Amino acid sequence: MATNEQAVALEVRARRAYELGRLRAALRVAPFVLAAAAAAIACGRPAALTGALAGTLLLLCVGAAFVGGPGGRGIMPGLMAGVAPLTMPLLMATLGHASFGPACLSLCLPACVVGGAVAGVVIGRSAARLEPDRRFVAAAVAVAALMGALGCTIAGVVGVLGMLAGTVAVGGPVLVAARR
């Protein structure tokens with residue numbers, strides 16, 4: 001009986017160590033998310049909105065990376081793809097472009113669409129090269145969208161929708177073409 005209890009205790013300890021190791025590995029994405037949030041706040045994005053988006057992004061990234069599989073493997077390509085839509089509108093704001101009203105829509109909105117298009121290319125090529133699974137693409141798009149929203153909210157909801165339209169409009173054909 002004592003041997004069976006020791007085996008069960010050893011199995012419990014091994015499982016706990018395994019899960020803790022997976023959590024540590026999943027938390028490796030946190031610096032990327034925190035750096036994106038810090039960049040957005042440094043460029044004048046509202047702290048509450050940035051915190052909500054970054055918190056959601058962090059939970060999604062850590063959760064998917066912890067679970068693993070195709071969705072977990074889509075996290076890093078999604079973060080890399082999200083850099084373009086994050087930085088393009090923020091760059092417009094830091095260069096002195098007016099970030100409100102019709103003036104914002106003349107340059108910030110196209111920057112969001114172009115950033116989304118770049119993200120679509122990155123996701124499409126990554127999916128075709130690494131893993132053309134729907135869960136991989138869905139995770140990468142969700143992560144890129146949240147990351148890009150940190151910057152594209154500068155143009156409001158229209159900026160975020162423009163970024164998503166650019167991502168889908170360019171990323172879909174790139175993925176289809178790359179898979180052939």
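**Exercise 1. Which residue forms a salt bridge with Arg-15, and how far apart are the closest N and O atoms?**

Keep in mind throughout that this is a predicted model.

- Step 1: Find the partner. Glu-19 pairs up with Arg-15, and their closest N and O atoms are 3.1 Å apart.
- Step 2: Check the cut-off. A salt bridge needs the nitrogen within 4 Å of the carboxyl oxygen, so the 3.1 Å of this pair qualifies.
- Step 3: Sort them by accessibility. Glu-19 is partly exposed because its relative accessibility is 24%. Arg-15 has 51%, so it counts as exposed.

**Exercise 2. Work out how many salt bridges the structure holds, and describe the one made by Arg-135.**

- Step 1: Take the total. The structure holds 2 salt bridges.
- Step 2: Look at Arg-135. Its side chain meets that of Asp-133 in a salt bridge, at 3.1 Å from N to O.
- Step 3: Arg-135 has a relative accessible area of 53%, so it is exposed.

**Exercise 3. Is Arg-45 buried or exposed, and where is the nearest side chain of opposite charge?**

- Step 1: Locate the residue. Arg-45 sits in the loop that links α2 (30-42) and α3 (47-67).
- Step 2: Arg-45 is buried, yet has no salt bridge.
- Step 3: See what Arg-45 does touch. Leaving out residues up to four places away in sequence, its contacts are Ala-40, Leu-90, Leu-150, Ile-154, Thr-50 and Thr-153.

**Exercise 4. Track down the ring interactions: how many aromatic pairs are there, and which ring does Arg-22 sit over?**

- Step 1: Search for ring pairs. The whole structure gives 0 aromatic pairs.
- Step 2: The charged end of Arg-22 sits over the ring of Phe-66, 5.6 Å from the ring centre.

**Exercise 5. Describe the setting of Ala-30 and its C-alpha distance to Ala-54.**

- Step 1: Ala-30 belongs to helix α2.
- Step 2: Its relative accessibility is 14%, so Ala-30 counts as buried.
- Step 3: Ala-30 and Ala-54 are 24 residues apart along the chain, with 9.9 Å between their C-alpha atoms.

**Exercise 6. Which helix has the lowest confidence, and which the highest?**

- Step 1: Start with the whole protein. The average pLDDT is 85, and 89% of the residues score at least 70.
- Step 2: Go helix by helix. Confidence is lowest in α8 (residues 156-179), with a mean of 79, and highest in α3, at 94.

Methods: Residues are numbered from 1 along each chain as its sequence is written. This is a predicted model: local features need pLDDT of at least 70, side-chain atom pairs count only at pLDDT 80 or more; totals for chains, interfaces and linings use all residues. Side-chain values use heavy atoms; hydrogens and water are left out. Buried means under 20% relative accessible area, exposed over 50%, partly exposed in between (1.4 Å probe, protein chains only). Helices (H or I, at least four residues) and strands (E, at least two) are DSSP runs, numbered from the N terminus. Lys and Arg count as positive and Asp and Glu as negative; His and the chain ends are not counted. Contact means heavy atoms within 4.5 Å. Rings of Phe, Tyr and Trp (its six-membered ring) pair if their centres lie within 6.5 Å; planes under 30 degrees apart count as stacked, over 60 as edge-to-face and the rest as tilted. A charge sits over a ring if NZ of Lys or CZ of Arg is within 6 Å of the ring centre and within 35 degrees of the ring normal. pLDDT is the predictor's confidence in each residue, from 0 to 100.
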